[in-house]
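Student: Hi! I'm new to this one, could you walk me through it?
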Amino acid sequence: MELTLNSAVLNVEPSGIRRFTYLVRDTPGACGLTIGEPDLDTPEAVKEAAKAALDSNDTHYPPGNGYPYLLEAISKFEAERHGLHYSPEEIIATVGATESLFVIFSTLLNPGDEVIIPTPAFGLYESIVQLCRGVPVMLPTEKNRFQIDPEALKAAITDKTKAIILTSPNNPTGCIYTKETLDGIHDILLDKPIFVVCDDVYRTLTYTGDYHSFSEYQDMRDRIIIVQSFSKPYAMTGWRLGYCMADAPIRDRLQIFHQNCVTSVPSFVQRACVAALESDTKPVTELFRKRKEYVYKRLVDMGLEVQEPEGAFYMFINIEKYGMDSVTFCTKMLQEGLVGLIPGVYFGTEGYMRLSYCYSDEDLKRGLDRIEAFLKTL
């Protein structure tokens, strides 16, 4: 008797980002600048809200899409902060942005449907699309300063294209899409039956006053789905909380998969989410801005080619001149220099490596000193 498994699961490789991060952690004395997790603790007001909910025995089944008070708070926050008007009935509280993405692509995709993924990109996008029986279509952007070229986008669209995912600020580059880029995408997609998934989880962490999200194009509201997370701006990575927003007919279908997948997010953490939305994230953004400026200057002074980020907390560093693929380069730097960065190939773009600067000033200096010393040996 031969036992078989889901072929979609068999064809997806384990996360290269996690695998390399574990390698760094298991290397004695290594300094890792690998993980996209703020080195900050969750704000006290957020933790106190969760404690109060537990003390009041808020431990029973909540409504599947989230308590009305949370959905109302998200609706108000998005309207006041980002000018996006989604009613509470158009929002779903999810187990992090990851569940949002699974819900979205499980709802949208039929076997063989194509999803355009501009690269470099967070590796989870490709995996989720494959697990949902879709076909990832990579759209390289590194030759265009990480902006989407309209002609390249046109060439990537076929009669099987179901969606495109836009991440701005981007992981791993920290770049944001310009208004010109977004206008070009909008002009191409306006009359096409293609969904746009806006992964905006880093939009709070931007260092420019000229930020725009594709979610602003509300003449395509029926095809836009927005993904958000509490993890990054509020240092709540371990809480696993996020939400998605979509036009009512789409949200009504998204909730079917969500409620059959996880039932709901935990009851007592939802008060904490409201407290997070009411908190001031400007000091966090300013902290990462200062770290960005320090890291960028150090890398440039080393003679490395890197585009200055405008958001998030990553640097995507070009290492093509060293004549090694990114895994070989990063492995050599780890073994000989005792510093770990993530190979660019794990984001779909060879010849680069990602540095995360959401570490303490001391850790950043130590890691950058080691990178500089290693480069001098090449």
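Predicted model: local features only at pLDDT ≥ 70, side-chain atom pairs only at ≥ 80, totals over all residues.

Student: Which residues of helix α2 are buried?
Tutor: Helix α2 spans residues 16–25, and its buried residues include G16, I17, F20, T21 and V24. They cover an arc of only 130° around the axis, which puts them on the same side of α2.

Student: And what is exposed on the other side of α2?
Tutor: There you find R18 and R25, which are exposed.

Student: OK, what covers the buried residues of α2?
Tutor: The cover includes helix α12 (326–337) along with β1 (31–32), β11 (339–340) and β12 (342–343).

Student: Which residue caps the N-terminal end of α2?
Tutor: That is S15, with a side-chain oxygen 3.3 Å from the backbone nitrogen of I17.

Student: Switching topic: why is strand β8 largely enclosed?
Tutor: Five of the five residues of β8 (residues 242–246) are buried, so the rest of the structure largely encloses this strand.

Student: Which residues sit on each side of β8?
Tutor: G242, C244 and A246 are on one side, while Y243 and M245 are on the other, and both faces are covered. In a regular strand, side chains alternate between the two faces of the sheet.

Student: In which sense does β2 pair with β8?
Tutor: Strand β2 (residues 91–94) pairs with β8 in the antiparallel sense, over four bridges. Within that pairing, I91 has M245 as its bridge partner in β8.

Student: How many bridges are there between β7 and β8?
Tutor: Five, and β7 (residues 224–229) is antiparallel to β8. Opposite C244 of β8 stands V227.

Conventions. Residues numbered from 1 in each chain as written. Heavy atoms only, no water. Buried < 20%, exposed > 50% of the residue type's maximum accessible area, 1.4 Å probe, protein only. Helix = DSSP H or I, 4+ residues; strand = E, 2+ residues; numbered from the N terminus. Arc of directions from axis to C-beta. Contact = heavy atoms within 4.5 Å. Polar contact = N/O pair within 3.5 Å; in protein donor to acceptor, adjacent residues only side chain to side chain. Pairing = 2+ DSSP bridges.
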